[in-house]
Every structure is written in structure tokens, then in C-alpha cells.
Amino acid sequence: METASCPVACAVESLSHTRLEECYQCGKCTAGCPMAAHMDAPPTRLIRLLQLGETNRALRADSIWQCVSCQTCSTRCPQKVDCAAVMDALRQLSYEQGTASPAERRTVAFQKAFLDNIRRYGRLNEIPLIAVFKGQVFLRDRSLPFLVSDAGLGPQLQKRKKLHLVGEKVRDREVVARIFARATGSPASNGGAQ
Amino acid sequence: MNLAYYPGCALHGSSNDYDQSLRACLKALDVTLAELDDWICCGATSAHSLNHMLAIALPARNLALARRQGHSDVFAPCPMCSMQLLRAAQAMAADPALRAEMSSIVEAEVDGGARVANIIQVFEQIGLDRLKAAVKQPLKELKPACYYGCLLVRPPAVVEFDDAEQPRSMEAIAAAVGAKPVEWNYKTECCGAGMTMAATGTVLELSARILENAVAHGANCLVVACPMCHVNLDMKQEAIEEFAGRNFQLPVYYLSDVVGMALGLTAQELGTDRHFVVVEA
């Protein structure tokens with residue numbers, strides 16, 4: 001696809017290593033997608049939107065955040081369109097451009113909190129992840145049921161010795177911060193996902 | 001056998017029962033695990049969703065550590081970690097410029113040649129005949145639905161393992177230790193993966209279908225090889241039961257639990273007493 005007339009579609013092709021024009025709309029991706037029944041724009045339609053230059057609709061779709069990255073679409077595509085990678089590319093672009101669907105902000109907040117967590121510790125620390133994620137969602141949604149929805153799990157996990165009050169940190173956290181800074185193109189001092 | 005071990009965050013976190021099970025089971029089979037020193041998170045779904053450079057760089061750092069610590073093969077029991085390591089290795093093998101860039105980003109020389117094995121491949125390396133010979137307690141009563149989920153077999157171009165639509169490798173191992181795996185339809189359907197916290201409804205809906213199909217085909221347990229699948233199907237099973245309006249009470253074992261039980265290891269040794277669904281034998 002031409003560069004000048006389709007900046008988003010070209011970025012999607014470059015990030016996903018896939019050629020969108022290869023898709024002939026057979027619908028096999030959507031037929032196998034476990035989330036398709038809930039999606040505003042299931043995989044086949046998302047690819048079509050990109051082919052037609054309707055990139056803003058693709059970037060704002062709920063479906064790109066409902067996708068569970070199961071890889072069924074890419075596995076079954078007869079044209080070798082890496083649809084799951086297209087989903088990743090759309091998520092990244094939509095996140096960077098701030099066009100992620102408000103209806104899916106919890107999922108976006110979770111992915112961001114996860115990356116911030118590993119940038120800080122090098123390994124996932126579950127308790128701070130949940131605290132930050134739930135806290136951020138609560139500040140925006142003011143939903144008390146969501147805030148406390150998993151509170152009962154704490155004691156259950158503790159009983160099974162699955163709760164780590166003090167999480168693990170890698171020794172060389174400086175290098176982790178520098179990797180994040182370089183990969184995300186942000187200054188090392190506050191290098192992060194965005 | 002000596003294996004470089006990349007446990008990943010889940011196995012050091014709330015899926016530490018999987019780590020315990022693997023260590024106990026593999027020790028009984030004379031496999032020693034050398035955990036990679038100072039390994040970092042692979043980035044999982046969050047990295048590949050938000051930043052594709054990070055999704056290569058984080059696994060690349062671990063591949064570089066493995067190389068620096070003298071390992072050409074890495075055992076990564078979490079399929080998410082395994083897939084991310086393989087994806088990064090392949091991307092770098094195909095693109096020398098990317099490999100050079102990554103070596104600079106992660107401050108260590110990365111080669112794209114590392115081999116990454118999942119738990120099924122480790123059991124296959126040990127050999128099904130050896131497993132069969134080591135059985136002390138044949139699992140005649142066990143009728144597992146072997147559940148592969150997504151990333152053990154998909155995408156096939158990356159993981160190059162078994163058949164993406166109709167895998168059989170886990171059944172072969174379960175059968176070798178005396179279990180009677182059932183035929184069923186949902187062995188490669190998604191459980192909802194990392195949506196446990198962010199979109200719980202998705203997990204309840206997808207995981208309910210898996211439990212329903214396993215039970216409908218006569219399974220008396222599920223066998224998994226993924227920490228995330230275990231969280232969704234075991235830890236969330238009570239919530240799934242409430243969602244589906246029926247009881248399952250279906251134990252969910254890791255593949256290493258099944259082999260370990262046949263080797264005569266106890267629930268305390270394997271950590272199956274720490275699962276959420278525990279059925280008295």
C-alpha cells in the first residue's frame with residue numbers, strides 16, 4: 001500500500017509484517033475467533049476497514065482490545081495474513097495516538113500497568129500490579145464493585161502459599177530501565193511504555 | 001539431563017505450584033534445572049500489544065543471558081514465555097540488522113540460534129519408554145481432557161510444535177503413564193488468557209465452554225501445560241460455576257502433576273494440594 005496516502009495502513013503493514021491487500025475476505029479468521037460474537041469489528045472487517053482507508057474506525061474499534069491474542073486467525077488464514085499481528089499493530093498505534101476505545105479502557109489500563117510494573121521490578125509483581133490497575137480504574141470509573149471484585153482472592157491465595165507480599169526484583173534493574181527507554185524511545189529517567 | 005530453566009514470572013508468582021510440580025517431577029526423572037541468572041519478564045501480552053520493540057527486546061535479553069551463561073537450549077514451561085522467546089529468536093535470525101540493534105538495546109550479544117523447549121518436548125526428550133518404565137502407580141482411574149490452549153501450538157510458524165488443530169503429544173504422555181485421555185473438541189480453544197483481571201467476563205465465558213465440553217466427553221480432570229490456563233480453569237472455577245449455573249468440580253492438573261503422580265509423588269510434593277479444586281482420591 002502507498003505510503004503517503006495511508007500512513008496508518010502502512011504502519012500496520014510494517015509492524016505486523018503482513019500485506020493487507022492479500023486478504024480476500026473469506027472470513028475464516030472471524031469464523032474461528034472466540035471473541036467475534038462480541039466484536040463491533042471482527043478480524044475480517046478490521047482488515048477490510050484498513051484496505052478501504054477507514055483507519056480511524058479500525059483504531060477506535062472495541063474489538064482490538066477484546067482480542068485475546070489466541071492466534072487462531074493467523075493460524076487459519078489461507079493468505080498468510082498475520083491477523084493477530086495486525087491486532088497488535090492496531091493496539092500499539094491506537095495506544096500511542098490516544099484513540100483507544102473508552103469502552104475498553106480497563107484492558108488498556110491493565111496492559112499499561114503491567115509494563116510499568118516490569119519496568120520497575122524486572123519481573124512481574126502481582127500485588128502492586130493489581131493495586132495500581134484497580135486504583136487507576138477506580139479513579140476514573142468510581143466503580144466500587146470492580147475495585148473490590150477480587151478482594152476475596154487474597155486470603156484464598158495466601159492460604160495456598162501463592163501470594164507474595166514482597167515480590168521479586170531482578171538485580172540489574174538499571175539495564176531493564178535502559179531497555180525500556182531504548183525500545184520505547186523515551187528518556188531513561190522516566191522511560192516507560194509511553 | 002541438565003536444562004537451562006526460564007521459569008517466567010507466573011511460576012515465581014501465584015503459579016508457583018507449577019514450578020514446584022516441575023521441579024519435583026523432573027528431579028524424580030534425573031533432570032536437573034539450572035535457572036537462568038537474573039532473568040527478566042518476557043513482556044507477555046502487554047508488550048506485544050503496546051510496543052513491538054519491547055516485545056522483542058525483553059525476550060532477547062533473556063536469550064542473551066542464556067548464551068552468556070553457556071546455554072544453547074532453554075526450557076520455558078510457560079507457553080507465553082516460550083512463544084515470545086521463539087518469536088524474538090526467529091525475528092533476529094531472519095534480520096541481522098535487527099539482531100545487531102537488539103544486542104545494543106539489551107547490552108549483550110544475542111544470537112538468534114537458541115532453541116526453546118516446552119514441557120511436552122522435555123518429556124519427549126526423556127522418552128516415553130523411560131516414562132512408562134518409571135511408573136510406580138499407573139493412573140488407571142484418570143480420564144483427562146488434555147487441554148493445549150493457544151500458544152503451545154499456535155502460531156505454528158513460530159512454535160513449530162505438534163499439529164495446530166489436532167495435537168496429540170500430551171495425550172501420548174498421559175497414556176504412557178497409564179491415564180486414559182478422552183477425545184474432545186476444545187483442546188485448542190482459548191480460555192481467555194491474560195484477561196483474568198481486566199475482562200473477567202471473557203474468561204468466564206470462554207473457560208465455561210472448555211469445562212462443559214470436557215465433562216460432556218467423560219473427562220474426570222483437565223490437564224494443562226500453561227500457568228495462565230490453570231489460573232483461569234482452576235482458580236476461577238468457582239466463579240465459572242456461578243456464571244454457567246452448574247457445578248464442575250473438575251480438578252485441573254499440570255502435565256507434570258500427572259507424570260509425577262504416576263511416579264508415586266504425593267500431592268504435597270507436587271503442590272496439587274494447593275490447587276483450588278481438590279478432589280479427594
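In what order do the 3 strands of the open sheet in chain B stand, and is their pairing parallel or antiparallel? In this predicted model, the strands of chain B follow the order β5-β6-β7, and they pair in parallel. The pairing of β5(B) with strand β6 (residues 221-224) of chain B, which runs parallel to β5(B), is made by 3 bridges. Within β6(B), C221(B) is the bridge partner of P144(B).

Chain A, in turn, is divided into two parts, domain 1 (7-100) and domain 2 (103-190). The centres of domain 1 of chain A and domain 2 of chain A, taken over C-alpha atoms, are separated by 27 Å. To the contact between them, domain 1 of chain A contributes 5 residues and domain 2 of chain A likewise contributes 5 residues. On the side of domain 1 of chain A that touches domain 2 of chain A, the residues are divided by class into 3 nonpolar, 1 polar and 1 charged.

Between the chains, 47 residues of chain A are in contact with 41 residues of chain B. At least two residues of the side of chain A that touches chain B are supplied by each of α6 (72-76), α7 (83-97), α8 (105-121), α9 (126-141) and α12 (173-184) of chain A. Of these helices, α8(A) provides the largest share of that side, with 8 residues. By class, the side of chain A that touches chain B consists of 22 nonpolar, 11 polar and 14 charged residues.

The axes of α8(A) and α9(A) come within 9 Å and cross at roughly 145°, and the crossing in which α8(A) passes α9(A) is right-handed. From α8(A), the residues R105(A), R106(A), A109(A), F110(A), A113(A), F114(A) and N117(A) take part in the contact, where they meet P128(A), L129(A), V132(A), F133(A), Q136(A), V137(A) and R140(A) of α9(A). Counted by class, the contact of α8(A) with α9(A) holds 9 nonpolar, 2 polar and 3 charged residues.

Technical notes:
Residues numbered from 1 in each chain as written. Chains lettered and ligands numbered in written order. Predicted model: local features only at pLDDT ≥ 70, side-chain atom pairs only at ≥ 80, totals over all residues. Domains from an automatic or database assignment. Contact = placed C-beta atoms within 7 Å. Nonpolar A, V, L, I, M, F, W, Y, C, P; charged D, E, K, R; others polar. Helix = DSSP H or I, 4+ residues; strand = E, 2+ residues; numbered from the N terminus. Axes fitted to C-alpha atoms, helices over the stretch in contact; angles between N-to-C directions. Left-handed = near helix turned anticlockwise from the far one by under 90°. Pairing = 2+ DSSP bridges.
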